[in-house]
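Keep the sequence and the 3D view side by side. The text below walks through helix packing, a salt bridge and a surface patch.

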Amino acid sequence: MSAAQRLAELDNLPGRELVGRVETTLTALVTIMNQETTLLRAGHVKDASQLTSEKTRLAQDYVGLSRSVQRQLVRLRAEVPVELARLRGGHERLATQMAENLRVIATAKDVTESILTEVADTIGAQNRTRTYGASGQMQPSSANTSARGIAINRAL
């Protein structure tokens, strides 16, 4: 089935069925984002990352279904106004969950970066050369005492 045929099939669904599909997908997306947020708060980054593929699939499905609702908005307002209003409320819950999820991800990123920087600084300070200069005094440490070879991926 081509993409155009899939879009036409969605657009031709009865209003109640189309909105129902969107609500089901939306609820699943909010749930998985909540799980991810909870895992990240608890420091279970590896477990949270295992939800990525399902979250991505649900987000793609939701976008496709939402576009169909947008294309059929006039018809849906006439056929299923109550369900459409409920769908708007669900969309607001998604926006709230996404904002919280992004805050937690940013915090996890900052914490991880801080820990890695502190480890690099500590290791660098331990590896500092301890030699005497020509004057018989210890050489002053350089301004940058971070360990060499520790990488921080800032692309998160």
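Which residue forms a salt bridge with Arg16, and how far apart are the closest N and O atoms? The partner is Glu83, and the closest N and O atoms are 2.9 Å apart. A salt bridge here is a side-chain nitrogen of Lys or Arg within 4 Å of a carboxyl oxygen of Asp or Glu. Arg16 sits in helix α2 and Glu83 in helix α6, so the pair ties together parts that are 67 residues apart in sequence. The structure holds 11 salt bridges.

A word on the source. This is a predicted model, in which local features need pLDDT of at least 70, side-chain atom pairs count only at pLDDT 80 or more, and totals for chains, interfaces and linings use all residues. Residues are numbered from 1 along each chain as its sequence is written, and side-chain values use heavy atoms, with hydrogens and water left out.

Now the helices. They are DSSP runs (H or I, at least four residues), numbered from the N terminus. Two packed helices are described by the angle between their axes and the distance between the axes. Axes are lines fitted to C-alpha atoms over the stretch in contact, and angles run from 0 to 180 degrees between N-to-C directions.

Take helix α2 (residues 15-41) and helix α4 (residues 52-71). Their axes come within 9 Å and cross at roughly 150°. That makes α2 roughly antiparallel to α4 (over 145 degrees). The crossing is left-handed: the near helix is turned anticlockwise from the far one by less than a right angle. Residues of α2 that meet α4 include Leu18, Val22, Leu29 and Ile32. On the α4 side, Leu58, Tyr62 and Leu65 are among them. Contact means heavy atoms within 4.5 Å.

Lys55 lies in α4. Its C-alpha atom is 6.4 Å from that of Leu29, 26 residues away along the chain. Leaving aside residues up to four places away in sequence, Lys55 touches Leu29, Ile32, Met33, Glu36 and Asn101.

Helix α1 (residues 3-11) also packs with α4, at an angle of about 60° and with axes 9 Å apart. That makes α1 oblique to α4. The crossing of α1 and α4 is right-handed. Leu7, Leu10 and Asp11 of α1 make the contact with Gly64, Leu65, Ser68 and Arg71 of α4.

Finish on helix α6 (residues 81-126), where Ile115 is placed. Val111, Ile115, Val119 and Ile123 make a nonpolar surface patch of about 300 Å². Patches use residues with over 30% relative accessible area and no salt bridge, with nonpolar side chains (Val, Leu, Ile, Met, Phe, Trp, Tyr) joined within 5 Å. Accessible areas come from the Shrake-Rupley method with a 1.4 Å probe.

Methods. Patches are made of residues with over 30% relative accessible area and no salt bridge: like charges are joined within 9 Å, nonpolar side chains (Val, Leu, Ile, Met, Phe, Trp, Tyr) within 5 Å. Helices (H or I, at least four residues) and strands (E, at least two) are DSSP runs, numbered from the N terminus. Angles under 35 degrees count as roughly parallel, over 145 as roughly antiparallel, 65 to 115 as roughly perpendicular and the rest as oblique.
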